[in-house]
Amino acid sequence: MRIDIITIFPGFFDTVLACSIVGRARRAGIVQIQCHDLRDYTTDAHRTVDDTPYGGGAGMVMKPEPFYRAVREVLGDEKAPVILLTPQGELFTQAKAMQLAAQERLVLLCGHYEGVDERVRQTVVTDEISIGDYVLTGGEPAAVVVIDAIVRLLPGATGNEQSPMDESFSTGLLEYPHYTRPSEFQGLKVPEVLLTGNHKQICRWRRRQALKRTLQRRPDLLGQAELTKEDHELLREIWQEMQDDRRGE
Ligand code: SAM
């Protein structure tokens, strides 16, 4: 996969995209990530990327020409999703990460100031993504979030093909709780079943915990998750337990 980032702060990505799974995937040639300085696509001596808003008001707006030129030059004759990071975009989810991980190429556009001239969206942008209902100073942290979520899904990136598929959201549920050594910490013991080596029981315990977590924290996900008859029975049991606990309080 190849990802091109168009930004006024290419240096922002130097460390963050050199570390951990993304850094390893880059070194292994699983993903190629290229940063392009938006100012290189300006034509004036001051390398201007912003201007005052038509209609007045506070702040500056990013000009359309540098983004347009950058996307055209970076892509050449190739076609690829061109994603504008914006708080007004589609909310980024694991499902969207999976969909984008299937692409061969992506271009990410990072805005700043009051945002990007509307005509960038109208001419070169194919997708608009928001990483959450809050406003960042610039699109760079959002681009890192999107890239990280995508790259860990690429074959060979995590070194454990099963791992991303078992995680929260991939199964439609939140993941079960994890434990490692020591078996007792601050008086808290690791659940007995995890020490038995009985994989069938462990699997059932994990599924039950995933259902419980999801019911307690994100019941909205249950409507979309693929649930078996046994899952429904477990959910009824968990629901009953929760009611009993509440009554006992
Ligand atoms: N004035 C804009 C508005 O109210 O919608 C916000 C502009 S914000 C200060 C500057 C840039 O940060 C945006 O152009 C976008 O690239 C990025 N950004 C801010 N919040 C974001 C979010 N939640 N998701 C993705 N990008 C975001």
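Guide: Let us start with exposure: a residue is called buried under 20% relative accessible area, exposed over 50%, and partly exposed in between, with a 1.4 Å probe and protein chains only. Arg2, at 25% relative accessibility, counts as partly exposed. The model is predicted, so local features need pLDDT of at least 70 and side-chain atom pairs count only at pLDDT 80 or more, while totals for chains, interfaces and linings use all residues. Residues are numbered from 1 along each chain as its sequence is written, and side-chain values use heavy atoms, with hydrogens and water left out.

Visitor: How many salt bridges does the structure hold?

Guide: A salt bridge is a side-chain nitrogen of Lys or Arg within 4 Å of a carboxyl oxygen of Asp or Glu. The structure holds 18 of these salt bridges. One of them pairs Arg2 with Asp4, whose closest N and O atoms are 2.7 Å apart.

Visitor: Is Asp4 buried or exposed?

Guide: Asp4 counts as buried, because its relative accessibility is 0%.

Visitor: Which parts are tied together by the pair Asp231 and Arg207?

Guide: Helices (H or I, at least four residues) and strands (E, at least two) are DSSP runs, numbered from the N terminus. The side chains of Asp231 and Arg207 form a salt bridge of 2.8 Å, N to O. Asp231 lies in helix H10 (residues 229-248) and Arg207 in helix H8 (residues 199-217), so the pair ties together parts that are 24 residues apart in sequence. Asp231 is buried, at a relative accessible area of 3%, whereas Arg207 is partly exposed at 28%.

Visitor: How far apart in helix H10 are Arg247 and Asp244?

Guide: They are three residues apart, which means a separation of about one helical turn. Arg247 forms a salt bridge with Asp244, with 3.1 Å between the closest N and O atoms. Arg247 counts as exposed at 61% relative accessibility, and Asp244 as partly exposed at 39%. Elsewhere, salt bridges that share partners join Arg2, Asp4, Glu78 and Arg105 into one network.

Visitor: Which residues make the nonpolar surface patch?

Guide: Patches are made of residues with over 30% relative accessible area and no salt bridge; like charges are joined within 9 Å, and nonpolar side chains (Val, Leu, Ile, Met, Phe, Trp, Tyr) within 5 Å. Here Phe9, Phe12 and Val16 make a nonpolar surface patch of about 270 Å². Accessible areas come from the Shrake-Rupley method with a 1.4 Å probe, and for residues only the protein chains shown count as cover. Phe9 is found in the loop between strand S1 (2-7) and helix H1 (13-16), and is partly exposed, with a relative accessible area of 44%.
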